[in-house]
Amino acid sequence: MDRIFSGVQPTGNLHLGNYLGAIRNWVRLQNDYECIFCVVDMHAITQWQDPAELTANTREVAAAMIAAGIDAKKHIIFNQSQVPAHAELAWIFNCVARMGWLNRMTQFKEKAGKNRENASVGLYAYPVLMAADILLYKGTHVPVGEDQKQHLELARDIAQKFNNDFKTDLFPVVEPLIFGAATRVMSLKDGTKKMSKSDPSDLSRINMTDDADQIAKKIRKAKTDPEPLPESTKEFNGRPEAANLIGIYAALSDSSVEDVCARFGGEPFSTFKQHLADLAVSSLAPMQEEMRRLMQDTSHVDAVLADGAARARAVAEPILGEIKDVVGFLSP
Ligand code: TYM
């Protein structure tokens, strides 16, 4: 069976984009693949994290995965730092990846901003650790949102260069799985910017921990344009906020963007926003309630992560052994 690997950073503010662009799709892939889902705490610390918040956020992301419906007995949910082989393989890949490849990564440029000299070395090497995450398990398919595409291309390049340099076929070709109506959920305050955990405005995103009132308020206050709702996707040009809200409605209702346009085209935004708020509240409520329950039961979440990590280590260690042999590292 093909193997899926994917991850979410525990950096706080888990939002609707993470859910619709990633976690929800994972739930649907469980029957067709062997799945490994990771709370990537080592990626999180590439930018400063308060230690107590990092612990709490790690539990929150794990709770979201479980509450969304991922079967942690059949599949694996764990946090990255419990499997040291990720760091070991990342080092080997640091020696395979080229500076030129990393210099092209747009996410580093966005995250480092103008003050690049002050960014951590970890932030620069971030995509190399991501390649290690996937290839440590010989993962073949990686379900992510649109923003991770470039990182996955880098993972393919690293795998291919390793295979060429060492004349082996050890690593498989990594395929991104990017699907659904919400591969790129945009900010509620600016339809040209992606919804993000780090946006300073809380009104820009729907957090998975927001209650019904907060969700309704954020949708009511979402930026729109003065025109009525478009009647087809052909009218999306120059209307990023309309396209985004319709995309969110389509994803939550499991319908196509064209169907949503056909239903609400010509209506004022105020009417549509009311429908969208009702839909968002009712479709997120069961998962949110389960998340809240799990967040109270930290010993259960910790046990799921520890059990997942033990099973992840059992898969990873023999593969890391194979890799070390190929590289020529002497071991007993
Ligand atoms: P992270 O934590 O930023 O996001 C987790 C997942 O959510 C998706 N996503 C979105 N999808 C749609 N619209 C948005 N606005 C939006 N924002 C985020 C992301 O594409 C991602 O799928 N580097 C990764 C974590 C990672 C990883 C991996 C992923 C580490 N190792 C190995 C796959 C495989 C990240 O920062 O995701």
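Reader: What should I know before we start?
Author: This is a predicted model, where local features need pLDDT of at least 70, side-chain atom pairs count only at pLDDT 80 or more, and totals for chains, interfaces and linings use all residues. Residues are numbered from 1 along each chain as its sequence is written, and side-chain values use heavy atoms, with hydrogens and water left out.

Reader: How many helices and strands does the protein have, and what makes a stretch count as one?
Author: There are 13 helices and five strands. Both are DSSP runs numbered from the N terminus: helices are H or I with at least four residues, strands are E with at least two.

Reader: How do you know how the radius of gyration sits against that of a compact globule?
Author: The rule is 2.2 Å times the number of residues to the power 0.38, and the radius is taken over C-alpha atoms. For 332 residues a compact globule would come out near 20 Å; the protein has 21 Å, so the two agree. Along the principal axes, the C-alpha trace spans about 70 × 45 × 40 Å.

Reader: Why is Arg 3 called buried?
Author: Buried means under 20% relative accessible area, exposed means over 50%, and partly exposed is in between (1.4 Å probe, protein chains only). Arg 3 has 17%, so Arg 3 counts as buried. You'll find Arg 3 in strand β1 (residues 3–8). Leaving out residues up to four places away in sequence, Arg 3 touches several others, including Glu 34, Tyr 137, Lys 138 and Val 315; a contact here means heavy atoms within 4.5 Å. Across the protein, 51% of the 332 residues count as buried.

Reader: What makes Leu 188 buried or exposed?
Author: Leu 188 has a relative accessibility of 3%, so buried is the word. Leu 188 lies in the loop between β5 (175–177) and α9 (212–220). Among the residues Leu 188 touches are Met 195, Leu 203, Lys 218 and Ile 248. Lys 218 is 30 residues apart from Leu 188 along the chain, yet their C-alpha atoms are separated by 7.7 Å.

Reader: And what is Val 173 called, and why?
Author: Val 173 reaches 51% relative accessibility, so Val 173 counts as exposed. Val 173 is in the loop between α8 (149–165) and β5. Setting aside neighbours within four places in sequence, Val 173 contacts Thr 140 and Arg 156.

Reader: Why are α3 and α13 called roughly perpendicular?
Author: Angles of 65 to 115 degrees count as roughly perpendicular, under 35 as roughly parallel, over 145 as roughly antiparallel, and the rest as oblique. The axes of α3 (residues 51–68) and α13 (residues 298–327) cross at roughly 80° and come within 10 Å, so the two helices are roughly perpendicular to each other. On the α3 side, the contact includes Thr 58 and Arg 59; on the α13 side, Val 301 and Asp 302 are among the residues involved.

Reader: What makes Lys 138 and Asp 254 stand out?
Author: Most residues other than glycine have a negative phi. Lys 138 isn't a glycine but has a positive phi of about 50°, and Asp 254 has a positive phi near 55°. Lys 138 sits in the loop between α7 (121–135) and β4 (141–143) and, at 24% relative accessibility, counts as partly exposed. Asp 254, in the loop between α10 (240–253) and α11 (257–264), has 54% and therefore counts as exposed.

Definitions and conventions: Axes fitted to C-alpha atoms, helices over the stretch in contact; angles between N-to-C directions.
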